[in-house]
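Please look over the structure shown below before reading on.

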Amino acid sequence: MSAPASSPISLASGYGNFLPPAAAVEAATRVLLAGPLPVTETAGLPELREAVAAAHHSAGGSGPTAANVVVTPGTKVALFALLQTVLRPGDEVLLPTPNWFGFRELVARAGGTLRTLPLRPENNYALAPTQLRAALTPRTRVVLFSNPNNPTGRLYSRAEVAAWLTVTQEFPDLFVLSDEIYNGICFGPEPPPTLLSFPDPGGRHLVVNGFSKSLALVGWGIGYLLAPVAVARACAAWQHATGGGVPAPQQHAALLATQSAGAITSGLIGQLHPTRRVLLEALADLPQVPPVAPAATYYAFPDLRAYLRPGPEPAAASAELVARLQTAGVAVVDGATCDAPGFVRLSYAVPEPLLREAMARLRTALELSAC
Ligand SMILES: Cc1ncc(COP(=O)(O)O)c(C=O)c1O
């Protein structure tokens, strides 16, 4: 498959070119063919909530129960449910950046004020506990992480997360919200640590996840949240009042996907290895671009600041760079939307011939602009 030179190739989508797992499709089909659909419990099918809780148990078998889980129509809804439940008027959400552009609007619509904590690419986006402590104020109600991180692909280790939690535990009113939607797309030896595997004496740890990235149910509209029981109940009540439970076919597909998560993620990793290599080699070959080594997700987030036109302020210069690439036939996500102007997010969850062609176009466009 290769695109004619005139048709744009998108490396901008956040959703991969994954086929849904056959067993999940069969499970959904069985429910559809079985007669009238049941109206589901708002918080989700008990067996799915139990499976999700069990997937977050630590090696010793302790961890959340079904009462901590609410199944939602996607991860965005899970994030919104949690934010609008815990935020009070005047509350702030602290977001280390770069981070997924969707958080900004979710926080605003849930009535919060977003405050960012910029991390440095030179430092591989490390967040030192002292930096975190200095950024927390009495108004901070939530600190929000994505681990693995979209857009940088950075995976924060168990030791790093543990160090942050020694700080957050000094603030009894503070919730820690961890978006773990990319937790199955990892290329290192260590899987990302779930926030739920750390002690939470104050009942302040919140997790969201979904099925559209790591479990290949792209477009199926299903995710979940895990929270202390009182918060989970409040989220389910909100979902009941404003919508309802996720339809049964998606929930049965999600149950199958949860039960076969290991096989599904290994399949995706196998599919992504070749395109990951193509993208990282093409980036390593670009002059003036610092090396990137994303440990997780299917994105790279290269620093193209050397190719910004001098003059305009950073966000405008970044938009101009992205427009230049678009004119050359490659759509990318502007890093300015993630608080990193001059960077671009590139997805390699695309067919290899298209990726090769897209990277050739990108290189030509950058070389021309350097002349
Ligand atoms: C970090 C992160 N969280 C949440 C979402 C939304 O996921 P869903 O499709 O399940 O609503 C995305 C989608 O790109 C994402 O990147």
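Tyr299 stands opposite Ser347 in β12, where strands are DSSP runs of type E with at least two residues, and helices are DSSP runs of H or I with at least four, both numbered from the N terminus. β9 and β12 (residues 344-347) pair in the antiparallel sense over two bridges; two strands count as paired if DSSP finds at least two bridges between them. The open sheet to which they belong has three strands in the order β9-β12-β11, with antiparallel pairing, and its edge strands, β9 (299-300) and β11 (333-334), each pair on one side only.

## Basis of the model

This is a predicted model, in which local features need pLDDT of at least 70 and side-chain atom pairs count only at pLDDT 80 or more, while totals for chains, interfaces and linings use all residues. Residues are numbered from 1 along each chain as its sequence is written.

## The seven-stranded sheet

Another open sheet is formed by seven strands in the order β2-β8-β7-β6-β5-β3-β4, with mixed pairing. At its edges stand β2 (69-72) and β4 (113-118), each with a single partner strand, so one side of each is left without a neighbour in the sheet. β2 pairs with β8 in the antiparallel sense over four bridges, and Thr72 stands opposite Gly223 in β8.

Strand β7 (residues 205-210) is largely enclosed by the rest of the structure, because six of its six residues are buried; a residue is buried if 20 or more other C-beta atoms, placed from the backbone, lie within 10 Å of its own, exposed if 12 or fewer do, and partly exposed in between. In a regular strand the side chains alternate between the two faces of the sheet. Both faces of β7 are covered, with His205, Val207 and Asn209 buried on one side and Leu206, Val208 and Gly210 buried on the other. Four bridges join β7 to the parallel strand β6 (residues 175-179), and Asp179 stands opposite Val208. β7 also pairs with β8 (residues 223-226), in the antiparallel sense and over four bridges, with Tyr224 as the bridge partner of Asn209.

The peptide bond from Asn147 to Pro148 is cis, with omega near -5 degrees, and another cis peptide bond, with omega about 20 degrees, joins Asn150 and Pro151.

Tyr125, in the loop between β4 and α5 (129-135), has a positive phi near 55 degrees although it is not glycine, and it counts as buried because it has 20 C-beta neighbours inside 10 Å.
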